[in-house]
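Hello,

Here is the structure I promised to pass on to you. Have a look at it first, and then read my notes on its salt bridges below.

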Amino acid sequence: MESFGNGLVYTEENIRELILRVLAPPLALFSLQVQNRKNHALIEIELDHLADKTGSASLEDCETVSRRLKEELDLWGEEFDFTLQVSSAGAERVLRLPEDLSRFQGLLVKLEVPLEAGKWDKRLYRLGPVSGDSVELTLYDRKTRHKKNQKSVSMPIAEIRKGNLYLEI
């Protein structure tokens with residue numbers, strides 16, 4: 001919490017509420033970080049584009065949101081000195097588990113999954129359908145990626161430690 005010359009207190013929650021008022025679908029807030037320093041706030045925002053295949057917001061989207069937020073934040077008075085950074089969560093974004101597994105079905109992901117003896121490994125999979133507490137995964141191999149009948153496995157979602165979308169170039 002930071003108090004500025006006008007006696008008002010600006011919190012991450014105040015800023016989050018303002019952002020949510022400014023954003024219009026299909027754009028959504030992916031992440032927000034506010035670092036309050038002496039008489040200055042660094043506000044870092046990542047956008048999610050709900051209608052995009054990978055959830056990536058365009059540069060134009062980021063510029064529009066940045067401009068609108070700056071206008072609103074400027075209304076807080078000259079005492080509120082801030083730096084605003086608006087970007088896209090990106091096409092290789094961190095997955096929010098479990099909800100993103102359904103959203104990005106059919107795309108490639110890099111998942112950290114358990115192996116035997118308590119070890120973990122990062123592997124590439126194509127996401128299949130989610131059924132209850134499990135997700136269907138097809139191990140991705142560049143050499144065999146065009147074969148029709150690749151074997152899928154069902155993995156409990158709770159066993160997936162973390163993951164990212166993965167773009168093949």
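Before the details, a word on the source: this is a predicted model, where local features need pLDDT of at least 70, side-chain atom pairs count only at pLDDT 80 or more, and totals for chains, interfaces and linings use all residues. Residues are numbered from 1 along each chain as its sequence is written, and side-chain values use heavy atoms, leaving out hydrogens and water.

Side chains of opposite charge can pair when their charged atoms come close. The structure holds 7 salt bridges (a side-chain nitrogen of Lys or Arg within 4 Å of a carboxyl oxygen of Asp or Glu).

One of them joins Arg103 to Asp48, with 2.7 Å between the closest N and O atoms. Arg103 sits in helix 3 (residues 99–103) and Asp48 in strand 4 (residues 40–49), so this pair ties together parts that are 55 residues apart in sequence. (Helices, H or I of at least four residues, and strands, E of at least two, are DSSP runs numbered from the N terminus.) Asp48 is buried at 4% relative accessibility, whereas Arg103 is partly exposed at 29%. Here buried means under 20% relative accessible area, exposed over 50%, and partly exposed in between, using a 1.4 Å probe and protein chains only.

Another salt bridge links Asp74 and Lys70, at 2.7 Å from N to O. Both residues belong to helix 2 (residues 59–74), 4 residues apart, or about one turn of the helix. Asp74 is partly exposed at 39%, and Lys70 is partly exposed at 42%.

Happy exploring!
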